[in-house]
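Subject: Structure for you to look at

Hello,

Here is the structure I said I would pass on. Please open it alongside this note; my findings follow below.

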There are 6 protein chains.
Amino acid sequence: MPIVNISLYSGRTTEQKSKIAKAVTKAISESAGVNDSDTIVLFHDIEKTNWANAGNLVSEE
Amino acid sequence: MPIVNISLYSGRTTEQKSKIAKAVTKAISESAGVNDSDTIVLFHDIEKTNWANAGNLVSEE
Amino acid sequence: MPIVNISLYSGRTTEQKSKIAKAVTKAISESAGVNDSDTIVLFHDIEKTNWANAGNLVSEE
Amino acid sequence: MPIVNISLYSGRTTEQKSKIAKAVTKAISESAGVNDSDTIVLFHDIEKTNWANAGNLVSEE
Amino acid sequence: MPIVNISLYSGRTTEQKSKIAKAVTKAISESAGVNDSDTIVLFHDIEKTNWANAGNLVSEE
Amino acid sequence: MPIVNISLYSGRTTEQKSKIAKAVTKAISESAGVNDSDTIVLFHDIEKTNWANAGNLVSEE
């Protein structure tokens with residue numbers, strides 16, 4: 001059941017995402033009492049020209 | 001009014017999305033009593049390296 | 001696989017949502033060649049004090 | 001930096017969410033090489049009348 | 001055209017949201033060259049038991 | 001604290017997004033009484049083949 005959307009800067013490798021997906025799914029299973037098979041994780045790669053902190057694009061910092 | 005966000009695996013053609021958009025908009029109009037012109041549909045193509053089921057990236061399956 | 005998020009004004013009945021969910025799922029199955037069991041639909045009821053068109057909250061119109 | 005949105009059925013306790021938030025944040029820090037302080041987790045409680053699998057509201061199952 | 005989703009802590013008044021919606025819509029019109037009527041703003045009130053920074057629910061801080 | 005997700009047609013320049021991010025962040029700070037440093041803005045560029053109004057992809061209009 002849980003659906004997890006993770007927005008992060010572009011540039012994470014597939015290997016890093018693989019680790020995150022496994023760890024996040026396990027974390028939710030253990031804490032929420034659901035099966036691993038119930039969890040879906042989606043990654044959204046956000047370019048630094050598309051992400052602003054405090055009003056400034058990260059690409060401008 | 002209704003705003004519909006659809007996340008699906010990359011690879012669907014524009015023709016398929018066109019059909020989905022038309023059918024989803026019609027389905028909502030008929031069921032919710034709104035005009036077709038009130039509905040917006042956005043597609044989000046998710047790479048299989050960005051989608052995990054049961055803790056495993058689809059690209060790993 | 002497809003995950004559908006539908007934002008609409010609060011006030012739709014469970015019966016209306018049931019019809020929308022069935023119709024949207026069927027529409028996607030037929031157009032995208034997936035099984036009904038692959039589609040998840042989530043509704044987000046948005047109060048009219050939380051929805052603005054053209055800069056004006058719907059509750060103000 | 002990572003922003004995590006988790007949609008799950010209503011009914012999880014604050015204690016469960018607290019555990020999930022801690023575990024998910026730690027999982028991302030370890031796998032993606034970011035600080036805990038960079039991660040934001042948002043939970044979205046979805047009523048079973050607002051969640052459909054395979055075209056059927058969970059409340060109908 | 002632009003669709004703006006704003007997640008913030010619960011507790012903002014309708015008057016504050018009204019001001020934000022007007023100002024955000026105007027900001028986008030002036031910067032992106034679209035009409036006010038093209039912009040939709042949706043607010044998502046997130047309880048402090050549903051928002052975690054650095055792994056800690058805001059309600060726990 | 002506020003997290004702002006803006007979906008718009010692909011094609012806006014980084015300069016336009018920079019202006020929007022600054023203006024939106026300022027608008028929220030002034031209206032909601034938060035610091036600029038609390039606001040995060042994410043842009044989502046949506047291709048016209050992925051955006052449908054009234055059931056028609058914008059690319060088809």
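Which residues does D:Thr25 touch, not counting residues up to four places away in sequence? Within chain D they are D:Asp36, D:Thr39 and D:Val41. From chain E, D:Thr25 touches E:Ala54 and E:Gly55. Bear in mind that this is a predicted model.

More on that residue. D:Thr25 sits in helix H1 of chain D. Its relative accessible area is 1%, under the 20% cut-off, so D:Thr25 counts as buried. The D:Thr25 side chain comes to 2.7 Å from the backbone oxygen of D:Ala21.

Now the interface of chain D and chain A. Each chain brings 21 residues to the contact. Together the two chains bury about 1800 Å², and 70% of that lies on carbon and sulfur atoms. Two elements of chain D give two or more residues to the side that touches chain A: strand S1 (3-9) and helix H1 (14-32). H1(D) gives the most, with nine residues. By type, the residues on this side of chain D are 15 nonpolar, four polar and two charged.

As for specific pairs, there are zero salt bridges between chain D and chain A. Five residue pairs are in polar contact across this interface, both residues at pLDDT 80 or more.

The strands meet here too. S1 (residues 3-9) of chain A and S1(D) run antiparallel, joined by five bridges. In that pairing, A:Asn5 stands opposite D:Asn5.

Best wishes

Technical notes. Residues are numbered from 1 along each chain as its sequence is written. Chains are lettered from A and ligands numbered from 1 in the order in which they are written. Side-chain values use heavy atoms; hydrogens and water are left out. Contact means heavy atoms within 4.5 Å. Buried area is the accessible area (1.4 Å probe) that two parts lose on being put together, summed over both. A salt bridge is a side-chain nitrogen of Lys or Arg within 4 Å of a carboxyl oxygen of Asp or Glu. A polar contact is a pair of N or O atoms within 3.5 Å; within protein, one must be able to donate a hydrogen and the other to accept it, and residues adjacent in sequence count only if both atoms are side-chain atoms. Helices (H or I, at least four residues) and strands (E, at least two) are DSSP runs, numbered from the N terminus. Ala, Val, Leu, Ile, Met, Phe, Trp, Tyr, Cys and Pro count as nonpolar, Asp, Glu, Lys and Arg as charged, and the others, Gly among them, as polar. Two strands pair if DSSP finds at least two bridges between them. Buried means under 20% relative accessible area, exposed over 50%, partly exposed in between (1.4 Å probe, protein chains only).
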